[in-house]
Amino acid sequence: MNVIFLILILFLVGAIVTAFAGKWSSLLQDGLFILAVTIPAVLFFTQVEMNQLVGWTRGGIHLELGLTPFSYFFAILVLLLGVASAIYSVGFMHGKARKSYYYFNYLLTIMAMLGILFSRDFISFFVFWEIMTWASYLMVVMNGTRTQEIGIKYFVFSAIGAYAMLMAIVLIHAQTGNFLIQDFIDTYPSLAHGRQILIPILLLVGFSVKAAVMPLHVWAPGSYAYSPMSFTSVFSGALSKMGIYGMVIVFVTLLSHLPEGGLIRDIIAWMGAMTAVIATLWAIAQDDARKLLAYSSVGQLGYIVIAVAIGTPMAMLAGLFMAFMHGLFKGALFMVVGAVEKQTGTTDFTKVTGLIRKMPWTFLTALISIIALAGIPPLGGFIGKWMLYESLILSDHYLLVIVAFFSSTAAFLYAYKFLFGFFLGQEEEEWADVKEAPITMLIPMLALAVGSILLGAFPQLILKPINNGLISLGFSDSYGKLWETSTLFNEWGDKVVLQPIIYAIMGVFLTTLAFTYFRNRKRTRYVSTKDISTSGEIPLAHENLTFKENFFQPFLRAVEPVMKKQIDWYYREFGAGLEAIFNFTRRIYSGNGQTYALYAVIFLIVLLLLNGNLFGQ
Amino acid sequence: MVGSPVLFVAIPLLAAFLIPLMGMIWKEFVRIIPGLVLAYMLVLSVSLIIYIQSHGTIVEVISGWGPPVGINLVFSPFSGALTTLMTFLGLLVWLYSHKFKRNVDYEPAKKYFILLMLMVTGSVGMVLTGDLFNMFVFIEIVSISGYGLTSFFVRRDSAEAAFKFLLMGAFASSFLLIGIMIIYTQLGTLNMAEIAQRMPQMDYHMKVFSLIFILVAIGVEAETFPLNGWAPDVYTQAPGPISAAMSGIVVKAAVYANIRIIYTMYDLQGAYEYLLIIGLITFIVAETAALKQERLKRMLAYSSIGQMGLAMIAFGIGTKEGVYAALFLMFSHAIIKSLLFFSGSYLVYNKTSKYIKHVNGMGKYLPITAFLFTLGAFAIIGLPPFMGFWSKLALLSAAADSNLVILVAVILVVSIVEAVYYLRVVNRIFFFKKRANTKPEKPTINAMIAMLSLAAIVLVIGFYPDLVTGLIERAADDLMDKGRYIGEILSKN
Amino acid sequence: MEKYLDILEIAIYGSAVALILIGLYGALTKKSLIKIVLGLSIMDSGIHLMMIALGYLKGGTAPIFSKGFENSADQMVDPIPQALVLTAIVIGFGVTAVALSLVIRLYRHHDTLRIDEIKNLKW
C-alpha cells in the first residue's frame, strides 16, 4: 500500500479506535490518541517521497494523491501543530466531557488537512475540505454554548465557500473532462475568457472563507473563541492556512495568465488589509482572552492575505513565513488561554489577573509568543513583517504599507493587554490557589515558543521548504534561493546581514536577562501587590489598584465610528429577512385540502393554456 | 431463468390475501409472511438483475397474449434496479415495523401488513408494467393502500392527512384516465412500446394535451410543486416506517412512471424543460418551506419533496449524465431518507405532535439512534464522504456539462438552506437539554438492525460508490435507448 | 335512425362533459366533505361515460364472437374501453368507500364536516 494512503487510513482507523477506546480505559485512550497522531507524522517525514502519485478510480472519477514541495511546507505546519496540540489536548481534555468525541474529530481534522495537501485532483480536495469543515464544525459546537448561532454561522459560511468551490470544480470538469488539478492548470490559458474569470473567483471565494478575509470573516471570531482552546490552536494555527494554501495556488497558477489578474490580486490584498485593520481594532476592544485572540487571528490572516495577494516572490515568501510563524505563536497563545481556562475556569481579563507567579511557564510562553506576534526582533515574527514591508514598498504599494503598519502598531495594544491582563496586575485572593498547568500542557506550549525563537535565529530552517515549494509552483530565481532578494539576507561581506543583527540582539537580551536574574536572585523579596504605602494610604483588600476594565478607553473612543456597525449585523439582518420570507412561502400549504385540489386544477388549466408554448416541438 | 417478473406482482398480492387466513392458524404468521415474501422478492430481483446482464431485458407476456394486445411486464436494467431498491426498502420497512407500536396487537398488525403488501405490489407493478392502463391500476392500488396506511393511527390527525391525500389522488386518477383515453382514441393502443412507436403520427395538440393530463396526474404522486400539498401532511401523520416507504418506494415508482412516459413514450423536447423548471420550483419551495418547520417529520417531508425536485431537475437536463445523476439521487435519497425517518421516529417517539424541540438532548439517551440520524443528516446535505455527496456531485456535474451555470448556482444556494435546518436539529439532539416531559424510547432490536444496515450502506457507498455506479449507469443507458426498449417489447409478439 | 344516433352521440358526449364539470364544481367549491366525495364520484362517472362513448361504433354490435358474427370484428364496438371502464368503476367504488369511511372518522375527530375547518395540519 502506498504510504500516503497508509497515513490517511491510519488517521481514520486511529480516530475510530480512539473514540471507542474510552469505553475501557481513559489512559489507554489518551495513549492511543497520541500514537494516532505521532505514528502517521513520523511516517510522513520518513517515508513519503516527493512528487510520487498514487491514483485510483472511484465512481468513474479518476483520483490522484501525491505530495508536492509546496504542500510539503504546509504539511510541516499541520503536523507540527497537530502533534503539539494533541499532546496538549490530553492534558486539556482530562476530566472533561465528550473526550471521545473530541479525539475523533481532532484526528479527522488533521487527516482532512493532510488529505487536502495530498490531493492532486479536485474531488479528493473537495472531499477532504468538507471533512475538515464538518469535523471542525463539530468542534465549534462541542461546548454546547450558542450552537445555533455560532455553529450555524460557521457552517453556513463554510458552505458558501465550499459550494463556490464546488461550482468551480464542476465548471472545470465541464471544460477539461476530468478533475485533475494539473490538467486544469494546463488547459486554463486556452479557456473562454468568461470562464477564465469566473473559475478563479469562485475558487478564491471558497478559500477566502477559510482564510477569514473581510466580508466572509464573520464566522471566525465566534468559532475560534467557542471551540475548545486545544483545538483552536490547530483551527487558527493550521486549518485557516488551508485557505492560504489554496489562494497561493490560484494566484500563481491561474491569475498570472489572466489580464485582469493584477486587479483581482489588488482587490484581495485590500480586502486583506481591511480585515487586518478592523479585526485588530476589535481585538483591542475585547475583554475575553479567547475573543481577543480570535480577532487577532483574523487580523494576522489579513496580513498573510496581503502578502500572498501581492505575489512577488519576496511577498509570497513573507506571507508563507508569516503563516508558519502565526501557526507557532498563535497556537502557543491559544494553548496559554486554554491553560488559564483549565486552571481558573474563566478567560475574562477583568476577572483573572496577576497569574505571573502562579503560572510562570505559561507566562514565559505567552511572553515569547507575544513578542513574536508583535514582530519585535529577534523573534521570527520580525522577519516575516520586515519582508512584507520590504516587498510592499518594492512593488509600489505604499498605501498598503501605511495600512499594514497602522494595524501592526495597533496590534501592540492588544498584545500588551493580553500579557498584562492575565499575568501582570494585581494578585487577587480568588486566584491564590491556582497551580501551574500540568506538564502535558506545558511541554507543547514551550516547544512552540522555542520554535518561535529558533526561527528568529535560523529562519532558513523554514525558508528553505517555502522556497522549494514556491520554485515548484513556478517562481524562479537564478540562485534558487528566493529569500536572498530581501535586504535582510543580503550578503554583507561574506555574512548574511540578518544573522549578526539577530545574534547581537539575542546576546544583549540574554545577557541582560541573566545578569538581572543572578544579580537580584539573592535580594529579591516577594511582596503582595497591596504592600505599598504611597501617601500613607494603605489599600483595602477589595480595592482595585490596576486597571483591568475599560482598557484603552480613549483609543477605543477615538475609533468608535469605524466599529459602530459590524458586518455581522448586515448578515444577521439579511438572514432574518430570508427566514421571514421562507416562513411566508410555506403558507402556500394552507392546510385546506380543497385548496390543494384547486391548485392541481389551476395548474392543469395553466398548462393546457400554455400548451403550444411550453412544449414547443 | 430463476423466476418470472410476474411473481413480483403475484406473490405480494397473494400474500396480502393470505395474511388474514394464515393469521387464523397462527397469529404470528401475520408478521412473518410479509417478511418472507419481501425477502423472496429481494432475492428474486437480485438474481434477475444478474440474469439480465448476460441475457438482456426480460419481457414477460401475461396469459399468452403477446404485446401489443396483452399486458406485459418488463424487467429491464432500469426497472430492475428500481425493483431491487424497492423490495430492499420494503424488507427494511417490514423489519422496522415488525413490533412497531400498535403492531404488537393482532388486529392492527393484520391491517398494516395487508396494506403494506398491497403498497409494495402496486409500486413494483408500476415500475415493471409495460402497459399504460395497467399502470393506472397499479397507481390506484398504491394510492388506496396509501390512504389506509396514512390513517393507521386513530388518535392523531391522520384521517385529515389521508383525506387530503385521497382528494388529490382522486383528481389525479381522473386526469390520468382522461390522458389515457386521449392516447387510446388517437393511437388505438395502450402498450407503452407501441405508443412510443406510433407517437410521431399523433396530432401535435392531442399529444400535448394527453401529456399534460398524465403529467399532472402522476405529478401528484411524484410530489411535484403545486400538486404536493398532501405530502407533508401524510408524512407527518403516517407511521414512521410508512413515511419511509412513501418517500422510498411510492414516490420513486411515481417518478419512474413520470420519466418512462416522458423519455420513452413522448418525443417532445419541451417536456424536459418542463421537468427542469417544475423540478427547480419544487426544490426551492420545499427547501425554503422546510426551514421554519416546527415538527420533525414535516421537516423531513419537505426535504423529501425537495430531493424529488432535485431528481426531476436532473431528469430534465436530458443528457445521459443527467439521467445517471437522477437515478443516483433517487437511490441515495431512498436510502438516506428512510434512515432519517426510521431514526427520527424514535427521536420524537410517543409525541403525537412530533415537535422538533422534543429531540432536545436525545443524544445522551439514545446515542446510537441520534448518531444514525446525524449520519443521515450529513449524508443528505451532501457532505463527503457519505453517499449523498456522490449523487449531488453527479447532478451538479451533469448540469455544468450542459452549460447550466445558473442552475448549479441556484441548487448550491438552496442546499445551504437545507444544511441549516438539518444542522439545527442535530445541534438540538446533542447540545440542548432534554425537556422534562419527553420520554426517550429505546428502539427495538429489529428497528436497530434496519437502521444500522441503512447506515452501513450510506457509509460503504460513500467510500466506495463503484458498488452501485455500474448498475445505475446501465439503468441510465437503458432509459436513454428508446429504440431498444420498443424493439425488445414488440419483438416478443 | 342515423339521425337519432347522431343526436344520441351528441347527447352522450354532452352529458359526459356536463357530469365532469358538475363534479369538478362540487368537489372544488362545496365545503361539506360528503358533497366533495359526491362531486368526485360524479366526475368519475362523467369520465367513464365519455370513455364508453369514445369506444362506440355507430351501429356496432356487442364485442362478443358468437354464432353468425364470426367475421364481423370491424362492426363491433371497441371492447377495450369497456374493459377499462369496468376496472375504473371498481376502483372508483373503492376510492369512494375509503373516502366515506375517512369522512366518518373526520367527523368523529373534529365534530364538523366543513373542509375549511379541518386544518390541523398546515404550513
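1. Two strands are treated as a pair if DSSP finds at least two bridges between them. In this predicted model, strand β1 (residues 54-58) of chain A and β2(A) run antiparallel and are joined by five bridges. The pair therefore passes the threshold of at least two bridges. The two strands form a hairpin with two residues between them, and A:Gly59 there takes a positive phi near 55 degrees. A:Arg58 has A:Ile61 of β2(A) as its bridge partner.

2. Strand β2 (residues 61-65) of chain A has two faces that can be told apart by their cover. A:Ile61, A:Leu63 and A:Leu65 lie on the covered face, while A:His62 and A:Glu64 lie on the uncovered one.

3. The secondary structure of chain A as a whole amounts to 23 helices and four strands. Its radius of gyration is 26 Å, close to the 25 Å given by the globule rule for 617 residues, so chain A is as compact as a globular protein of that length. The C-alpha trace of chain A spans about 100 × 70 × 55 Å along its principal axes. Buried residues account for 53% of the 617 residues of chain A. Of the contacts in chain A with a separation of 6 or more, 79% are between residues 24 or more positions apart.

4. Chain B contains 20 helices and two strands. For its 493 residues the globule rule gives 23 Å, and the radius of gyration, 21 Å, is close to that value, so chain B is as compact as a globular protein of that length. Along the principal axes, the C-alpha trace of chain B extends over about 70 × 60 × 40 Å. In chain B, 69% of the 493 residues count as buried. Among its contacts between residues at least 6 apart in sequence, 80% link residues at least 24 apart.

5. One helix pair within chain B can be described in detail. Helix α3 (residues 77-96) of chain B packs with helix α13 (residues 320-347) of chain B at an angle of about 5 degrees, and their axes are 11 Å apart. Because angles under 35 degrees count as roughly parallel, α3(B) is roughly parallel to α13(B). From α3(B), the contact is made by B:Leu85, B:Leu89, B:Leu92 and B:Tyr96; from α13(B), it is made by B:Phe331, B:Ala334, B:Ser338 and B:Phe342. By class, this contact of α3(B) with α13(B) has seven nonpolar residues, one polar residue and no charged residues.

6. Chain C has three helices and zero strands, and its pattern along the sequence is α-α-α. Of the 123 residues in chain C, 28% are buried. Among contacts in chain C between residues at least 6 apart in sequence, 53% join residues at least 24 apart.

7. The next point concerns the contact of chain A with chain B. It takes 46 residues from chain A and 53 residues from chain B. On the side of chain A that touches chain B, the elements giving two or more residues are α5 (122-140), α6 (147-176), α22 (567-585) and α23 (593-614) of chain A. Of these, α6(A) gives the most, with 15 residues. The residues on this side of chain A comprise 29 nonpolar, 13 polar and four charged.

8. Is B:Leu227 buried or exposed? B:Leu227 has 27 C-beta neighbours inside 10 Å, so it counts as buried. Apart from neighbours within four places in sequence, B:Leu227 is in contact with A:Tyr599, A:Ala600 and A:Phe603 of chain A, and with B:Met168, B:Val216, B:Gly219 and B:Val220 of chain B. By contrast, B:Val154, 73 residues apart from B:Leu227 along the chain, has its C-alpha atom 26 Å from that of B:Leu227.

9. The contact of chain C with chain B takes 23 residues from chain C and 23 residues from chain B. Helices α2 (33-54) and α3 (79-110) of chain C each supply at least two residues of the side of chain C that touches chain B. The most comes from α3(C), which gives twelve residues. By class, this side of chain C consists of 17 nonpolar, four polar and two charged residues.

Definitions and conventions. Residues numbered from 1 in each chain as written. Chains lettered and ligands numbered in written order. Predicted model: local features only at pLDDT ≥ 70, side-chain atom pairs only at ≥ 80, totals over all residues. Contact = placed C-beta atoms within 7 Å. Nonpolar A, V, L, I, M, F, W, Y, C, P; charged D, E, K, R; others polar. Rg over C-alpha atoms; globule rule 2.2 N^0.38 Å. Buried ≥ 20, exposed ≤ 12 C-beta atoms within 10 Å, placed from the backbone. Axes fitted to C-alpha atoms, helices over the stretch in contact; angles between N-to-C directions. Parallel < 35°, antiparallel > 145°, perpendicular 65-115°, else oblique.
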